[in-house]
Amino acid sequence: MFGLHPVAFWITAAIVAMLIVAPLIFLVLGKAGKLTPSLRSDLWTRYRSWLILAPIMIGPLLAGRLSAIIGVGVLSLACYREFSRATGLFRHYTISAVVVLGILLLTFAVADHWYGFFVALSSLTVSLLVVVALLSDQPKGYIQRVALGVFAFLLFGVCLGHYGYFANDKDGKAYLLAILLCVELNDVFAYCTGKLFGRRKLAPNTSPNKTIGGAVGAAILTTALFATLIHAIVHGTALDRPWHLIALGLILSLTGQCGDLVMSSIKRDLGLKDLGVVIPGHGGLLDRFDSLIFVGPAMFHYIGYFLGIGLDQPTRIFSGH
């Protein structure tokens, strides 16, 4: 439906270039004696994972609107599966069925470009979860079961679902690639600046390795990068103002770090190091993509308020005919 925006092209090219250059950097650092054997092994494990992850993440976005939306839907279901197994929610079949149904309907609403249905599904699915949980006639643990179901649906269905809705916009590929790139680099910036300048812990009981210096450093670097990319995407529009560009960059960095901290808190509460083992060197899907959870809605509604998302594209593509 949409052509490839120049920003999307250059981001894709930059990611390919980074994947090509990374092994050379590892080799140089190894020759210089800057890498311990364990660190070298970890870097190569993570690199091999990114050789698989990058095409899986970028491919559907570049392939077209529907493939991007379906890809987000699959990610939402996979994240819910991981969460439900870690928390034991998968044992409550009716609640899990409603969460899965809600995610599937959200995916349909996005693919249909039916924003009204997309918005309505939040309250409708939550209401259904509250009622369906009564069917087991087990008051003991009712609040916990319902709360976990609602929590999971809102995080992995609604929040992640906003990424799919970006695909309905003519600049959707550029938005999505810019967000994905900056969210991933936000973690890298926080790690690097934390090592250089971090002294005080940010949240020692939740995530002992995170520092205030790392959080601030990431906010500064990510804001500069994202503001530059968004400027190139929304050039000449009402959003192309310094204060909006800086605000978008700050919001992306801070919400990305919040997503990471939220998932760290969940893991600490459950007594788990990782929520899965599907990605070597990274853990599970939620361990890798937790930073995306709150960024999607924040970016969607900020950009949508000033420019709209997909307003010039056909709506009710399937249900309206």
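These legends accompany close-up views of a predicted model.

**View 1. Strands S1 and S2 form an antiparallel pair.** S1 covers residues 201-203 and S2 covers residues 207-211. The two are joined by 2 bridges. Lys-201 has Thr-211 in S2 as its bridge partner. A hairpin of 3 residues connects S1 to S2.

View 2. Asp-260 counts as buried because its relative accessibility is 14%, under the 20% cut-off. Lys-210 is partly exposed, at 23% relative accessible area.

**View 3. Asp-287 and Lys-267 form a salt bridge.** Their closest N and O atoms are 2.8 Å apart. Asp-287 sits in helix H10 (residues 285-289) and Lys-267 in helix H9, 20 residues apart. Both residues are buried.

**View 4. Asp-112 forms a salt bridge with Arg-316.** Here the closest N and O atoms are 3.9 Å apart. Asp-112 lies in the loop between helix H4 (93-111) and helix H5 (115-132), and Arg-316 in the segment after helix H11 (295-307), so the contact ties together parts that are 204 residues apart in sequence. Asp-112 is buried, with 0% relative accessibility. Arg-316 is partly exposed, at 31% relative accessible area.

Conventions: Residues numbered from 1 in each chain as written. Predicted model: local features only at pLDDT ≥ 70, side-chain atom pairs only at ≥ 80, totals over all residues. Heavy atoms only, no water. Pairing = 2+ DSSP bridges. Helix = DSSP H or I, 4+ residues; strand = E, 2+ residues; numbered from the N terminus. Salt bridge = Lys/Arg side-chain N within 4 Å of Asp/Glu carboxyl O. Buried < 20%, exposed > 50% of the residue type's maximum accessible area, 1.4 Å probe, protein only.
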